[in-house]
Amino acid sequence: MDTSCPEADLLAIGQGLYAFNRFFAAYLMSMKIFKPRYILAVYLGLCFVFGLAATLTKGHTSVALLILVLCFESACFATIFTLALRGLGRHTKFGGSALVAAISGGAAIPPMTGAVATRTGSYHTAMAIPTAFYVLAWVYPVYANVWKGSVLDGHRETNLNVTEEKAIYAGNEEKAVQVERAEPAQKG
């Protein structure tokens with residue numbers, strides 16, 4: 001009986017955990033106690049820990065640790081994106097465009113990792129490259145938690161599209177001219 005696990009099965013497990021954990025992180029962030037900036041810091045920290053452990057181990061253990069890295073990567077970009085856009089006001093469209101245009105990790109890091117693996121003959125040595133980039137990415141949530149926490153948390157408390165209040169705009173979407181109470185639906 002063959003007990004080996006084909007690579008496609010491992011990828012399916014990793015992608016399944018990625019999808020599950022993205023929804024789980026979204027659920028956690030919807031609760032008031034779990035601030036998105038905390039979740040981001042923990043998830044990127046775990047990506048680094050599991051990436052480093054995968055670099056230092058061999059065999060099935062290393063593969064399992066890489067699957068855990070994929071699992072904890074799940075909520076990182078979406079959370080970075082939303083936190084970075086908070087408080088931009090009229091600059092939100094430009095900020096969103098700049099963030100999307102700046103994505104380069106997926107284009108640069110795999111070829112660098114592959115080149116190191118080819119040159120050294122060791123995939124474990126090559127995994128040090130993405131692991132180092134997790135440390136660089138972790139700088140953002142550290143900054144957000146230490147210096148900008150109150151600013152980010154201030155944008156968390158909003159009733160926009162939750163209450164019955166609505167803003168009426170006069171040609172300019174950036175400036176509300178008047179806020180009025182929406183009429184409750186009449187019971188018939």
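Mentor: C71 is buried, with a relative accessible area of 8%; buried means under 20% relative accessible area, exposed means over 50%, and partly exposed lies in between, computed with a 1.4 Å probe on protein chains only. This is a predicted model, in which local features need pLDDT of at least 70 and side-chain atom pairs count only at pLDDT 80 or more, while totals for chains, interfaces and linings use all residues. Residues are numbered from 1 along each chain as its sequence is written, and side-chain values use heavy atoms, with hydrogens and water left out.

Cysteines come next. With a disulfide defined as a pair of cysteine sulfur atoms within 2.5 Å, the count is 0. The sulfur of C47 has its closest cysteine sulfur in C76, at 4.6 Å, which is too far for a bond. C47 is itself buried, at 0% relative accessible area. For C71, which is in no disulfide, the nearest cysteine sulfur is that of C47, 8.7 Å away.

Now the core. A nonpolar core here is a set of buried Ala, Val, Leu, Ile, Met, Phe, Trp, Tyr and Cys residues joined through side-chain atoms within 4.5 Å. The largest one has 20 residues, of which A25, I39, Y43 and F72 touch the most other members. Two or more residues come from each of α1 (7-30), α2 (36-56), α3 (59-73), α4 (76-85) and α8 (128-146). The largest contribution, 7 residues, is from α2. Helices are DSSP runs of H or I with at least four residues, numbered from the N terminus.

F72 is in contact (heavy atoms within 4.5 Å) with N21, Y43, L46, C47 and F50, leaving out residues up to four places away in sequence.

Rings of Phe, Tyr and Trp (its six-membered ring) pair if their centres lie within 6.5 Å; planes under 30 degrees apart are stacked, over 60 edge-to-face and the rest tilted. This rule gives 5 aromatic pairs. F50 and F72 are stacked, because their ring centres are 5.8 Å apart and their planes are at 25°. This pair joins distant parts of the chain, with F50 in helix α2 and F72 in helix α3, 22 residues apart. Both F50 and F72 are buried. F77 and F81 form a tilted pair, 5.8 Å centre to centre with 45° between the planes. They sit 4 residues apart in helix α4, so about one helical turn separates them. F77 is partly exposed at 38% relative accessible area, and F81 is partly exposed at 22%. Ring pairs also link Y43, F50 and F72 into a cluster.
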